[in-house]
Amino acid sequence: MHPVNRDPILLTPGPLTTSLHTKTAMLRDWGSWDASFNAITAQIRARLLAIVNGHDSHVCVPMQGSGTFSIEAAVHTLLPRDGHMLVLINGAYGKRMARMVAMMGRRVSVFETGEERPIAARDVERLLRADPSISHVGLIHCETSTGILNPLAAIAAVVAAEGRALIVDAMSSFGALPIDAREIPFDALIAASGKCIEGPPGMGFVLVRKSALEGSAGNSQSLSLDLHEQWSYMEQTTQWRFTPPTHVVAGFHAALEQFVAEGGQPARLARYTGNYQALMAGTAQLGLAPFLDAAVQAPIIVTLHAPADARYSFTDFYARVRDKGFILYPGKLTRAETFRVGCIGAIGAQDMRLAVHAMGDALREMGLSAPPGA
Ligand SMILES: *Cc1c(COP(=O)(O)O)cnc(C)c1O
């Protein structure tokens, strides 16, 4: 075998591979009351807001926990108790958002398309016109369960024209795909530390329209997931309301500095696109077909069909590729045997070519070599 003398590269959409600089930024203990730590929090908030040009309209509220905690905080806080949310679903994260709205006892409707089909803005328009009681729309920008990209700008325009509020789960797109708050109307856009900014996992953040947040006091039925309380406490004290994940905050801050130094969102998109293209070229040679049409695929995470062969098992494939230094991600589809490869993280196209090599070697070891001509 090929023992690798380093941590495996994570081809997973969070946690993902972080840079050495980001890792070493976590080798300090910080006091949560200390001014230097709170200055880091303030810088993170400003930098995140700048990525979407949101300074005039929005504020950034960080939140402890994984990304889901921040989505739940946003929905709990922004959706009034007598509100009605329409959740647009074409994958597992859309289903998760609908479930959390139902669990908090608020009214929820869903609109679901196939997992290979983006949500169409004209469907959203039709649904909103048919039901004036819908106050909020929930959208997953890049549905990480397949890697499909939903048309955020078109849907946001329709939602705004119909006078409703939009809550966007941009977890796996923020920082990589362009999103400008001056052009795309949204009340809340949510992402997390351990995705395209390439920090460690452990905190999320909501970019929230200030006027919507100001009017949301008392909406949340959750103590810890109350975005308004988190915000007002942070504004008054500069501190986090409850214990902050200090090492994660420091690592995330370092990751954001590198994000800016690399050239911000355009540079990140260019690098991820290079990773994506290297992956697609290599896996095509191995005879592995993508699940999605290239036209609807984001360069974030790719779902690939597994070889149609009884000798294939993901567990075996995964273990062999891991032993060669790369961590793959299982598929999330029920109707097809697939696996996923993330294009995000502190990696480049050469890492991706080596990963494809490892996949090819693993398939050959399993007796599943590429078809003739590959
Ligand atoms: C990663 C991710 C989340 C958050 O998942 P957590 O496990 O809570 O971090 C939510 N939505 C999307 C689209 C994601 O990719």
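Me: In which strand is H136 found?
Reply: Happy to start there; this is a predicted model, in which local features need pLDDT of at least 70 and side-chain atom pairs count only at pLDDT 80 or more, while totals for chains, interfaces and linings use all residues. Residues are numbered from 1 along each chain as its sequence is written, and side-chain values use heavy atoms, with hydrogens and water left out. Helices (H or I, at least four residues) and strands (E, at least two) are DSSP runs numbered from the N terminus. By that numbering, H136 is found in strand β5.

Me: Is H136 buried or exposed?
Reply: The classes rest on relative accessible area with a 1.4 Å probe and protein chains only: buried is under 20%, exposed is over 50%, and partly exposed is in between. H136 has a relative accessible area of 8%, so this residue is buried.

Me: Which side chain makes a polar contact with the side chain of H136?
Reply: A polar contact is a pair of N or O atoms within 3.5 Å; within protein, one must be able to donate a hydrogen and the other to accept it, and residues adjacent in sequence count only if both atoms are side-chain atoms. At 2.9 Å, the partner of the H136 side chain is the side chain of S135.

Me: Where does I134 lie, and what is its relative accessibility?
Reply: I134 lies in the loop between α5 (121-130) and β5 (136-140). This residue counts as buried because its relative accessibility is 4%.

Me: Which backbone nitrogen does the side chain of S145 reach?
Reply: S145 is placed in the loop between β6 (142-143) and β7 (148-149). With 0% relative accessibility, S145 counts as buried. At 3.1 Å, its side chain reaches the backbone nitrogen of A92.

Me: Which residues come nearest to the ligand?
Reply: A residue is near a molecule if one of its heavy atoms lies within 4 Å of it. The ligand has 13 residues around it, and those that come nearest are S66, T68, T144, D169 and K195.

Me: How much of the ligand's accessible area does the protein cover?
Reply: Start with the polar pairs: a polar side-chain atom of K195 lies 2.8 Å from an oxygen atom of the ligand, a backbone N or O atom of G67 is 3.2 Å from a ligand oxygen, and an N or O atom in the R96 side chain is 3.5 Å from one. On its own, the ligand has 380 Å² of accessible area (Shrake-Rupley method, 1.4 Å probe). Of this, the protein covers 85%.

Me: Which helix gives the largest share of the shell around the ligand?
Reply: Two helices, α3 (67-78) and α4 (92-103), each supply at least two residues of this shell. The largest share is three residues, and it comes from α3.

Me: How many residues of the shell are charged?
Reply: Ala, Val, Leu, Ile, Met, Phe, Trp, Tyr, Cys and Pro count as nonpolar, Asp, Glu, Lys and Arg as charged, and the others, Gly among them, as polar. On that scheme five shell residues are nonpolar and five are polar, and the number charged is three.

Me: How far apart in space are L20 and A346?
Reply: L20 is found in helix α1 (residues 20-24). Its relative accessible area is 63%, so L20 is exposed. L20 and A346 are 326 residues apart in sequence, but C-alpha to C-alpha their distance is 9.3 Å.

Me: What separation do the C-alpha atoms of R322 and I9 have?
Reply: R322 belongs to helix α11 (residues 314-323) and is partly exposed, with a relative accessible area of 35%. Its side chain is joined to that of D323 by a polar contact of 3.4 Å. R322 and I9 are 313 residues apart along the chain, and their C-alpha atoms are separated by 8.7 Å.

Me: What is omega for the peptide bond from G14 to P15?
Reply: P15 is found in the loop between β1 (9-10) and α1. The peptide bond from G14 to P15 is cis, with omega near -5°.

Me: What phi does E198 have?
Reply: E198 sits in the loop between β9 (188-192) and β10 (203-209). This residue is buried, with a relative accessible area of 6%. Although E198 is not a glycine, its phi is positive, at about 70°.
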